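Morning, everyone. Please have the sequence and the model open on your screens. I'll keep this brisk.

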Amino acid sequence: MTRCSRCETPAERGDLRCAICALPVPRTGGPAPSQTRVQILRCNECNAAVAFDPSVQAPRCGFCSATMHVEQPDDPLETAQLRIPFGVDRSTAETALRGWLGQRGWFAPNTLRDEAVLESLVPLGWAAWIVNAEATVTWTADSDANSQRSAWAPHAGHVTMRFESICVPASRGLDHGECRQLVPHYDLARAVSIDPAPEHELLESFDAQRSAARAVVQRAIEATAKIRIEEHIPGRRFRNVHVACLLESQATDRVALPAWVMAYRYRGAPYRAIVHGQRPDVVFGSSPRDWRKILALVAGGVALLVAIAVIVMLLRR
């Protein structure tokens, strides 16, 4: 492993400069090895990307079941180094999904659970970065400490922070809202090597280049620091909190996180639901609404308002 000669930060494959101090990384062992230009399957609807294996017939997207097309990018895509194994099997996932369909509330169609047609139930390893870093965090804020005659007084300071196991979604198939619902329930200590590749599991490609990925990771570290810095601000109330992070060390792992993704149809319309790959009780997604019930509720509310108005008018006479 190549390390920076100035700050000893490990350099990842393909790095031209150190991620911490920006010192050029010398090449070792002759010319850089050529990068394999992988083929990926790109979804025509949700734009998700998965690695393409000609031996696996997978013409439909595992995220939304739409048709996919083959794409061969010029720049190499990042691939997962680790994966979290599935703790929920297919039968348990389908049972959880059916139970979720039957508990969609009063506004859902009464026949949703029985009439929903399951089109696909796919075990997917969606892409995420797991970041461990140490940084000096400088901060400024207004607080009520030492405010004297004013309501607020300016304060500033700096503190060294350690950031462990920050999960930064790198998925195109799952949106950030869906990722946020999944992330808190993963046991990251169960991560294992991606080799050998799991059978019958689709692994999502990291659909971002290195420079863009580091910008996303930096924003995630700063967002975490902004929350954690609050305990260092004097006073009981504060506002206008700003932070800046000077990285001293950073290690980033690319991990495939497990989730069961179901594409189903109800009376011809497509919907999607997701079951956590380790927790079958974590289920969410989209589902239809019974507009007859909604219209009946609205009509009932209007009728009630009209009745109240009529009663008020009669009492005033």
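First, a caution. What you see is a predicted model. Every value I give is computed from it.

Now the overview. The protein chain has five helices and eleven strands. It runs to 317 residues, and 39% of them count as buried. Now take the contacts in the chain with a separation of 6 or more. Residues 24 or more positions apart account for 73% of those.

Next, helix α1. Find residues 90-101. That helix has twelve residues. From its first C-alpha to its last it reaches 16 Å, close to the 16 Å expected at 1.5 Å a residue.

Which residues of α1 are buried? They are Ala-93, Ala-96, Leu-97, Trp-100 and Leu-101. Look down the axis of α1, and the buried residues fall within an arc of 135 degrees, so they line one face of the helix. What do they pack against? There are several partners. One is helix α2, at 112-115. The others are strands: β5 (117-143), β9 (238-266), β10 (269-276) and β11 (283-285).

Let's zoom in on one residue of that face. Ala-96 lies in helix α1. Its relative accessible area is 17%. The cut-off for buried is under 20%, so Ala-96 counts as buried. Set aside its neighbours within four places in sequence. Ala-96 is then in contact with Val-275, Pro-280 and Val-283. Now look at Val-282. Ala-96 and Val-282 are 186 residues apart in sequence. In space, they are 8.7 Å apart, C-alpha to C-alpha.

On to strand β10. Arg-272 is found there. Is Arg-272 buried or exposed? Buried, at 16% relative accessibility. So what does the Arg-272 side chain reach? It reaches the backbone oxygen of Gly-173, at 3.1 Å. The Arg-272 side chain also makes a polar contact with the side chain of Glu-178, at 2.7 Å.

Move along to the loop between β10 and β11. Gln-278 is found in that loop. Gln-278 counts as buried too, at 14% relative accessibility. Its side chain reaches the backbone nitrogen of Asp-187 at 2.9 Å. Again, leave aside neighbours within four places in sequence. The contacts of Gln-278 then include Ile-84, Pro-85, Gly-87 and Val-88. They also include His-185, Tyr-186, Arg-190 and Pro-258.

Now the rings. How many aromatic pairs does a search of the whole structure find? Four. I'll show you two of them.

Here is one: Phe-86 with Trp-260. This pair is edge-to-face, with 70 degrees between the planes and 5.4 Å centre to centre. Where do the partners sit? Phe-86 lies in the loop between β4 (82-83) and α1, and Trp-260 lies in strand β9, so the pair ties together parts that are 174 residues apart in sequence. Their accessibility values are worth noting. Phe-86 counts as partly exposed, at 21%. Trp-260 is buried, with a relative accessible area of 5%.

Here is another pair: Trp-106 with Phe-107. This one is edge-to-face as well, at 5.2 Å centre to centre and 80 degrees between the planes. Trp-106 is exposed, with a relative accessible area of 52%. Phe-107 counts as partly exposed, at 34%.

Arg-228 lies over the face of Phe-163, at 5.1 Å from the ring centre. Likewise, Arg-237 lies over the face of Trp-152, at 4.7 Å from the ring centre.

Last topic: backbone angles. Glu-8 is not a glycine, yet it has a positive phi of about 65 degrees. Glu-8 sits in the segment before β1 (40-43). It counts as partly exposed, at 46% relative accessibility. Asn-240 is not a glycine either, and has a positive phi of about 50 degrees. You'll find Asn-240 in strand β9. Its relative accessible area is 45%, and it is partly exposed.

One thing to take away. The buried residues of α1 line one face of the helix, and among the elements they pack against are β9, β10 and β11. Thanks. Over to you.

Technical notes
Residues are numbered from 1 along each chain as its sequence is written. Side-chain values use heavy atoms; hydrogens and water are left out. Helices (H or I, at least four residues) and strands (E, at least two) are DSSP runs, numbered from the N terminus. The expected span of a helix is 1.5 Å times one less than its number of residues. Buried means under 20% relative accessible area, exposed over 50%, partly exposed in between (1.4 Å probe, protein chains only). The arc is that of the directions from the helix axis to the C-beta atoms. Contact means heavy atoms within 4.5 Å. A polar contact is a pair of N or O atoms within 3.5 Å; within protein, one must be able to donate a hydrogen and the other to accept it, and residues adjacent in sequence count only if both atoms are side-chain atoms. Rings of Phe, Tyr and Trp (its six-membered ring) pair if their centres lie within 6.5 Å; planes under 30 degrees apart count as stacked, over 60 as edge-to-face and the rest as tilted. A charge sits over a ring if NZ of Lys or CZ of Arg is within 6 Å of the ring centre and within 35 degrees of the ring normal.
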